[in-house]
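Please look at the sequence and the model below.

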Amino acid sequence: MKEVSTLIKEQFQNIGIIFRISKYEDKAEYQSHYLGLIWEYLYPLIQIGIYWLVFGIGLKHGNSTHGVDYLVWMVIGITPWFFMNRASLDASKSIYQRVGMVSKMKFPVSILPTIKIVSNLSAFWTMLVFSIVIGFLYGVTPSIYWIQWIYYFICMIAWLIAFGIFNSTISVLVRDYRILLQSLMRMLFYMSGVLFNFQTDAFPAPFVHILQLNPFFYVVSGFRDGMLGSAWFWQKPTLTIVFWGMILFFLLVGSHLHYKFRSRFVDLI
């Protein structure tokens with residue numbers, strides 16, 4: 001637990017550095033493109049259009065999901081997924097990419113995954129506003145349930161930090177891990193209920209219960225519960241306990257490995 005507390009302390013002590021570097025990286029990544037940062041928002045919108053045409057119009061023939069138009073249901077779920085997917089993959093290679101730079105100066109290496117997470121937040125906020133606008137157009141009105149977004153946002157950031165510190169360290173120790181992670185994230189895209197609802201009679205109940213233990217599913221379904229006003233987070237005590245238990249597990253393992261091998265990162269790479 002001492003390593004976990006040290007990790008969390010480093011995040012708060014360097015929060016100014018985290019936001020400054022993330023802002024710089026946003027500008028640097030797209031400076032050679034004609035549309036610049038517009039691609040940060042344009043790409044996910046194009047993806048949403050493709051998924052809506054294929055799954056909403058092609059496969060579902062415009063049918064609703066839980067009494068809500070499929071486009072609304074999909075967009076509010078795919079918004080946190082796009083953010084978590086990209087932030088997880090970026091965070092996994094954050095130390096590998098920057099370890100040469102930080103080895104030449106006194107720098108808290110543990111904040112590198114968090115920088116990648118924060119740098120992706122601007123696109124998330126834009127997508128969330130887009131989701132709300134789509135909801136308004138299809139008759140979704142604000143309710144008290146929307147306040148849950150604060151809780152699920154905290155859940156999302158906590159999970160990404162825990163998952164990020166674990167992945168970024170393992171990526172240095174095991175060179176092939178990043179390729180495995182990319183494949184895992186592609187699989188989780190379909191196993192997190194982003195595009196279709198697997199909580200139906202078409203899937204065996206035990207299989208559904210296993211899929212619900214996925215932390216990405218917890219966040220995606222949580223944002224949907226908030227917008228569509230279907231449930232409070234405390235009405236899912238088992239899933240909530242499992243979710244925070246997994247965060248604690250990845251924090252414990254990730255922080256232990258990080259501080260154990262941090263002095264050897266340059267040699268390992």
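What percentage of the 269 residues of the protein chain count as buried? In this predicted model, the figure is 50%. The accessible surface of the protein chain is about 13700 Å², and carbon and sulfur atoms make up 67% of that surface.

Next comes the secondary structure. Contacts show how the chain is folded up. Among contacts in the protein chain with a separation of 6 or more, 80% are between residues 24 or more positions apart.

Helix 12 covers residues 237-261, which is 25 residues. From its first C-alpha to its last, helix 12 reaches 36 Å, close to the 36 Å expected at 1.5 Å a residue. Which residues of helix 12 are buried? They are Leu-239, Thr-240, Phe-243, Ile-247, Phe-250, Leu-251, Gly-254, Ser-255, Leu-257, His-258, Tyr-259 and Phe-261. An α-helix has 3.6 residues a turn, so residues three or four places apart point the same way.

Now take a pair. Two packed helices are described by the angle between their axes and the distance between the axes. Helix 7 (residues 121-137) packs with helix 8 (residues 148-173) at an angle of about 150 degrees, and their axes are 14 Å apart. Because angles over 145 degrees count as roughly antiparallel, helix 7 is roughly antiparallel to helix 8. Their crossing is right-handed. On the side of helix 7, Leu-121, Phe-124, Trp-125, Leu-128 and Ile-132 meet Trp-149, Phe-153, Met-156 and Ile-157 of helix 8.

Conventions: Residues are numbered from 1 along each chain as its sequence is written. This is a predicted model: local features need pLDDT of at least 70, side-chain atom pairs count only at pLDDT 80 or more; totals for chains, interfaces and linings use all residues. Side-chain values use heavy atoms; hydrogens and water are left out. Buried means under 20% relative accessible area, exposed over 50%, partly exposed in between (1.4 Å probe, protein chains only). Contact means heavy atoms within 4.5 Å. Accessible areas come from the Shrake-Rupley method with a 1.4 Å probe; for residues, only the protein chains shown count as cover. Helices (H or I, at least four residues) and strands (E, at least two) are DSSP runs, numbered from the N terminus. The expected span of a helix is 1.5 Å times one less than its number of residues. Axes are lines fitted to C-alpha atoms, for helices over the stretch in contact, and angles run from 0 to 180 degrees between N-to-C directions. Angles under 35 degrees count as roughly parallel, over 145 as roughly antiparallel, 65 to 115 as roughly perpendicular and the rest as oblique. A crossing is left-handed if the near helix is turned anticlockwise from the far one by less than a right angle, and right-handed if clockwise.
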